[in-house]
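Hi,

Here is the structure I promised to pass on. Have a look at it first, and then read my notes below.

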Amino acid sequence: MNFLAHIYLSGEDSQLKIGNFIADSVKGKKYLEYPTRMQQGILLHRKIDFYTDTHSIVKKSVSRLFPKYRHYSTVIVDILYDHFLAANWSEYSNIPLDEYVANFYDLLHKNYELLPKPIQRFLPYMVEENWLLSYATVQGIGSVLYRMNKRTKNKSGMNFAIIELEQYYTDFENEFRSFFEELELYTKNEIRLL
């Protein structure tokens, strides 16, 4: 799962959301340097990633991309799944996506000092280009994949995955819907256990 799903799956708990959002920038036991609820958000993120990476439905989506994108296929699927969450947002939240995203950006700005340096560096670009809202369109996902390809020094070819998204749109969407229903249940249970 990519940014939007991790934020959404944290529910309404602000500190859990921030922890879940920053987790990829917090390595090993560095999570212990954060407030307790943020620590739990970081650990929740790791559990969500493990659950996602080992799930049979996700593996099916990844296998469709693997011959062309190899180990980048899992990253691409995470991004594509965020697209389907954003594109179908009204099925998951009563808060309009633009409002939800604006509230989250405000939350990050209010907690700026707690954010890891890499997050502090990309936050202005994230907000200016409104990454989270852009996930809702195919064009927006194309921009995300383009940026990700640049981060791999153009080795991944991820920018071309928009072709597979359009070609297999219904297949990916159906897989997302089936998987996300299970992921929501799993995450709610994990939050209860925190």
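The buried residues of α7 are covered by elements that include α1 (3-9), α2 (14-22), α6 (97-110) and α8 (131-134); covering here goes by contact, meaning heavy atoms within 4.5 Å. Helices, by the way, are DSSP runs (H or I, at least four residues), as strands are (E, at least two), and they are numbered from the N terminus.

Before I go on, a word on where this comes from: it is a predicted model, in which local features need pLDDT of at least 70 and side-chain atom pairs count only at pLDDT 80 or more, while totals for chains, interfaces and linings use all residues. Residues are numbered from 1 along each chain as its sequence is written, and side-chain values use heavy atoms, with hydrogens and water left out.

Back to α7. Which residues of this helix are buried? In α7 (residues 117-128), they are I119, Q120, L123 and M126. Buried means under 20% relative accessible area, exposed means over 50%, and partly exposed is in between (1.4 Å probe, protein chains only). The four sit on the same side of α7, because they cover an arc of only 120° around the axis; the arc is that of the directions from the helix axis to the C-beta atoms. An α-helix has 3.6 residues a turn, so residues three or four places apart point the same way. Turn to the other side of α7 and you'll find K117, R121 and E128 exposed.

N130 isn't a glycine, yet its phi is positive, about 50°. With 24% relative accessibility, N130 counts as partly exposed. N154 is another non-glycine with a positive phi, about 65° in this case. You'll find N154 in the loop between α9 and α10, and at 53% relative accessibility it counts as exposed.

Next, the pockets. Rolling a probe the size of a water molecule over the atoms shows where empty space is left. The search used a 1 Å grid over the protein atoms alone: a pocket is an open set of points with protein on both sides within 12 Å along at least five of seven lines, whereas a cavity is a set where a 1.4 Å probe fits but cannot get out, and lining residues have an atom within 4 Å of a point. Grid points are joined across faces, edges and corners, and a volume is the space filled by probe spheres set on the points.

The largest pocket holds about 750 Å³ of space. Its lining has 27 residues, with N2, F3, D24, M148 and R151 the closest to the centre. Two or more lining residues come from each of α1, α2, α3 (36-53), α5 (73-87), α7 and α9 (138-151). By type, the lining of the largest pocket has 13 nonpolar, 8 polar and 6 charged residues. (Ala, Val, Leu, Ile, Met, Phe, Trp, Tyr, Cys and Pro count as nonpolar, Asp, Glu, Lys and Arg as charged, and the others, Gly among them, as polar.)

The second largest pocket has a volume of about 190 Å³. Of its 13 lining residues, Y8, L9, G11, E12 and K188 lie nearest the centre. Here α1 and α11 (169-193) are the elements that give two or more residues, and α11 gives the most, with 4. This lining divides into 6 nonpolar, 4 polar and 3 charged residues.

Last, the salt bridges. How many does the structure hold? There are 8, a salt bridge being a side-chain nitrogen of Lys or Arg within 4 Å of a carboxyl oxygen of Asp or Glu.

- R37 pairs with D13, with the closest N and O atoms 2.7 Å apart. R37 lies in α3 and D13 in the loop between α1 and α2, so the pair ties together parts 24 residues apart in sequence.
- E164 and K68 meet at 3.3 Å, N to O. E164 is in α10 (residues 161-167) and K68 in α4 (residues 56-69), so this pair ties together parts 96 residues apart in sequence. E164 counts as buried at 9% relative accessibility, whereas K68 is partly exposed at 46%.
- R177 and E91 meet at 2.6 Å, N to O. This pair links distant parts of the chain, R177 being in α11 and E91 in the loop between α5 and α6, 86 residues apart. Salt bridges that share partners join E91, E173 and R177 into one network.

Cheers
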